[in-house]
Amino acid sequence: MIHSPEVSTLVSVLTATLLLIGAATTLVGALGLVRLQSFYQRAHAPTLGTTLGAACVALASMMYFSAAGTRPILHEVLILIFVTATTPITLIILVRASRLRDEASEGPSGNQ
Amino acid sequence: MSMLLASSVIVAKILLGIAMACSTYRLVCGPRAQDRVLAFDSLYVNAMLLLLTFGIGSGSTLYFEAAMIIALLGFVSTVALAKFLLRGEVIE
């Protein structure tokens, strides 16, 4: 196993805070996916993880590895661009498909 | 790696694991097909964040490349599934 590089205290505190904020936000989004009632309410919940959660975790990783200087931070930038650009497209197509299926099966009522 | 950072990496791994379990619950028990597709989308984003956390914990570049591939291919698969729900076929 490769050992992680040492960084200063300020950088490690900031990295830990951003990492915990990102993970907790993603967990809140996943809990909303379980607990909300209809599909159109549930479609909003995981976007919390894909926007704020991914941004916080990628920012923590960028901060840690730019302070350590062991590898380039290109991957995190690319991941952020991909996730931010693709989540709205996915949700637009998915909700449009769900509306079409609802209207085809049981009229325009949105529940379950 | 300092004690604070190591313990916060462990806590973040646990939180993201619980988030993946919630998404898996919705994937298995989701009442309709669009719920399952949405839960699958949430599941791969959570797995990608978990891989990023593993990468911070171990310092290896391999995890970040895997996370980038998941971010790319997950988008393609979710769009293909949503297109299938929309039109009944993926490529027309």
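Predicted model: local features only at pLDDT ≥ 70, side-chain atom pairs only at ≥ 80, totals over all residues.

**Chain A, overall**

I looked up the secondary structure next and found 4 helices and 0 strands in chain A. From the N terminus on, the order is α-α-α-α. The radius of gyration came out at 19 Å, well over the 13 Å that the globule rule gives for 112 residues, so chain A is more spread out than a compact globule. Along the principal axes, the C-alpha atoms of chain A fill a box of roughly 60 × 25 × 25 Å. I also checked burial: 36% of the 112 residues of chain A count as buried.

**A helix pair in chain A**

How do α3(A) and α4(A) pack? Their axes are 10 Å apart, at an angle of about 175°. An angle over 145 degrees counts as roughly antiparallel, and that makes α3(A) roughly antiparallel to α4(A). I then listed who meets whom. The residues on the α3(A) side include Thr47(A), Ala54(A), Ala58(A) and Met62(A), while those on the α4(A) side include Glu76(A), Ile79(A), Val83(A) and Leu91(A). By type, the residues of this contact divide into 8 nonpolar, 4 polar and 1 charged.

**Chain B, overall**

I turned to chain B, which has 3 helices and 0 strands. Its elements run α-α-α from the N terminus on. The radius of gyration of chain B is 16 Å, whereas a compact globule of 92 residues would have one near 12 Å. The box around the C-alpha atoms of chain B, taken along the principal axes, is roughly 55 × 25 × 10 Å. Buried residues make up 43% of the 92 residues in chain B. For contacts with a separation of 6 or more, residues 24 or more positions apart account for 45% in chain B.

**Where the chains meet**

How many residues of chain A are in contact with chain B? I found 52, and they touch 50 residues of chain B. On the chain A side, α1 (9–35), α2 (39–42), α3 (47–68) and α4 (74–106) each give two or more residues. That side of chain A divides into 31 nonpolar, 16 polar and 5 charged residues.

**The largest nonpolar core**

The general rule I had in mind here is that nonpolar side chains tend to be buried together in soluble globular proteins. In this model the largest nonpolar core has 48 residues, and among those that touch the most other members are Leu19(A), Val57(A), Leu16(B) and Leu52(B). At least two residues of this core come from each of α1, α3 and α4 of chain A, and from each of α1 (3–29), α2 (33–58) and α3 (62–87) of chain B. The largest share, 11 residues, is supplied by α2(B).

I zoomed in on Leu16(B). Leaving out residues up to four places away in sequence, Leu16(B) touches Ala23(A) and Thr26(A) in chain A, plus Asn46(B), Leu49(B), Leu50(B) and Thr53(B) in chain B.

**Last stop: Arg87(B)**

Is Arg87(B) buried or exposed? Arg87(B) lies in helix α3 of chain B and is exposed, with 12 other C-beta atoms within 10 Å.

How values were computed
Residues numbered from 1 in each chain as written. Chains lettered and ligands numbered in written order. Contact = placed C-beta atoms within 7 Å. Nonpolar A, V, L, I, M, F, W, Y, C, P; charged D, E, K, R; others polar. Core = buried A, V, L, I, M, F, W, Y, C linked by C-beta atoms within 7 Å. Buried ≥ 20, exposed ≤ 12 C-beta atoms within 10 Å, placed from the backbone. Rg over C-alpha atoms; globule rule 2.2 N^0.38 Å. Axes fitted to C-alpha atoms, helices over the stretch in contact; angles between N-to-C directions. Parallel < 35°, antiparallel > 145°, perpendicular 65-115°, else oblique.
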